[in-house]
Protein chains: 2
Amino acid sequence: MAIVSRYTIALHILTWLAYWAEKDEFFPSDRIANSVGTSPVFLRRILGQLAKAGLVLVQHGGTGAGWKLARRPEDISLLDVYEAVVQTPLFEMHHSQPNPSCIIGHGIQPALQRVYEDSEEALKLRLAQESIGDLVASALEHGKL
Amino acid sequence: MAIVSRYTIALHILTWLAYWAEKDEFFPSDRIANSVGTSPVFLRRILGQLAKAGLVLVQHGGTGAGWKLARRPEDISLLDVYEAVVQTPLFEMHHSQPNPSCIIGHGIQPALQRVYEDSEEALKLRLAQESIGDLVASALEHGKL
DNA sequence: CACATTGTAACTTATTCAGTTCCATTGAAG
DNA sequence: CTTCAATGGAACTGAATAAGTTACAATGTG
């Protein structure tokens with residue numbers, strides 16, 4: 001399979017919040033849902049993860065409750081978002097145990113472990129180079145056509 | 001989610017075949033299944049993909065039917081295996097359509113497309129640097145303890 | 001106190017993956 | 001030319017996971 005669409009949704013949310021950030025207000029989840037095209041409850045689940053990671057701030061009760069960015073868009077990297085939203089390792093190991101009395105079956109998992117960690121690291125390094133600020137600029141460019 | 005365990009299984013298969021490669025015979029799928037710890041039918045599905053990609057050779061009927069490597073282990077990169085077995089893009093887009101009348105909703109997908117492609121490319125570049133030969137060496141090192 | 005909004009739990013639905021069973025097909029060996 | 005060990009593929013099951021929905025208690029501003 002692939003990296004969950006939850007990650008795409010999280011990036012959409014943050015890009016949207018960044019676009020409206022100059023207003024400096026809290027935006028409710030159904031307002032965001034209108035742009036993303038999915039349910040406010042689903043968004044709140046993701047927003048909760050982003051809040052735990054310190055990427056957004058939440059205002060609970062009263063009128064004017066909702067969400068806003070906790071930092072400037074340029075200071076939120078796509079890696080920050082990845083680590084906030086994706087908790088599972090990128091590569092899956094065997095579902096059923098390989099045969100430990102076979103020398104390959106015994107040694108393959110630690111061998112893969114090392115390669116998998118390095119490869120995941122390469123991906124994360126690339127994600128660290130891009131920010132929500134970049135996404136806003138790029139989305140506006142494409143959105144205006 | 002993550003990259004399917006099918007990829008791990010494919011690497012296990014090829015590492016196993018590489019380990020026995022000097023014998024220069026064809027190995028049946030249930031012999032391989034004994035090391036991997038999963039069903040021969042599942043393995044044959046994966047072996048079929050590897051054969052299509054030209055990484056293994058198959059011998060159909062008769063005694064001595066089975067599978068063997070089509071190239072030397074050092075000439076099969078982990079990227080070759082990835083492209084043989086994983087067909088879907090690494091990142092998932094939205095499941096439901098973002099709002100096209102919102103400027104962010106309209107521009108976000110092409111913006112993400114570019115970043116996603118670049119990031120997937122970074123992962124593949126790392127996978128291209130490692131070969132089945134490396135995996136055999138590393139697995140033997142760990143397997144001997 | 002009123003009320004807009006969050007937080008969370010429980011449920012449904014769809015999808016995907018791994019694994020299984022079954023049988024027709026293949027082709028080397030005797 | 002028969003035998004038989006093996007592949008190839010279809011059809012099915014079971015389990016896990018994701019996205020989406022409904023419902024309601026908790027929050028805290030005004």
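I'll take the salt bridges, then a hairpin, then the DNA surface.

First, the ground rules. This is a predicted model, where local features need pLDDT of at least 70, side-chain atom pairs count only at pLDDT 80 or more, and totals for chains, interfaces and linings use all residues. Residues are numbered from 1 along each chain as its sequence is written, chains are lettered from A and ligands numbered from 1 in the order in which they are written, and side-chain values use heavy atoms, with hydrogens and water left out.

Salt bridges. Here that term means a side-chain nitrogen of Lys or Arg within 4 Å of a carboxyl oxygen of Asp or Glu. Over all chains there are 20.

Which residue does A:Asp118 pair with? Its partner is B:Arg126, with the closest N and O atoms 3.3 Å apart. A:Asp118 sits in helix H5 (residues 103-128) of chain A and B:Arg126 in helix H5 (residues 103-127) of chain B, so this pair joins two chains. Helices are DSSP runs of H or I with at least four residues, strands are runs of E with at least two, and both are numbered from the N terminus.

On accessibility, buried is under 20% relative accessible area, exposed is over 50%, and partly exposed is in between (1.4 Å probe, protein chains only). A:Asp118 is partly exposed at 31%. B:Arg126 is buried at 17%.

Now within chain A. A:Glu120 bridges to A:Lys124 at 3.4 Å between the closest N and O atoms. Both lie in helix H5 of chain A, four residues apart, about one turn.

On to the hairpin. Strand S1 (residues 56-59) and strand S2 (residues 66-69) of chain B run antiparallel, joined by four bridges; pairing takes at least two DSSP bridges. B:Leu57 has B:Lys68 as its bridge partner in S2(B). Six residues lie between the strands, and B:Gly62 in the turn has a positive phi of about 75 degrees.

Last, DNA strand D. How many residues surround it? There are 26, the closest being A:Ser5, A:Thr38, B:Ser29, B:His60 and B:Trp67. Near means a heavy atom within 4 Å. H3(A) gives the largest share of that surface, three residues.

A polar backbone atom of B:Ser29 is 2.7 Å from a phosphate oxygen of DNA strand D.

Methods
A polar contact is a pair of N or O atoms within 3.5 Å; within protein, one must be able to donate a hydrogen and the other to accept it, and residues adjacent in sequence count only if both atoms are side-chain atoms.
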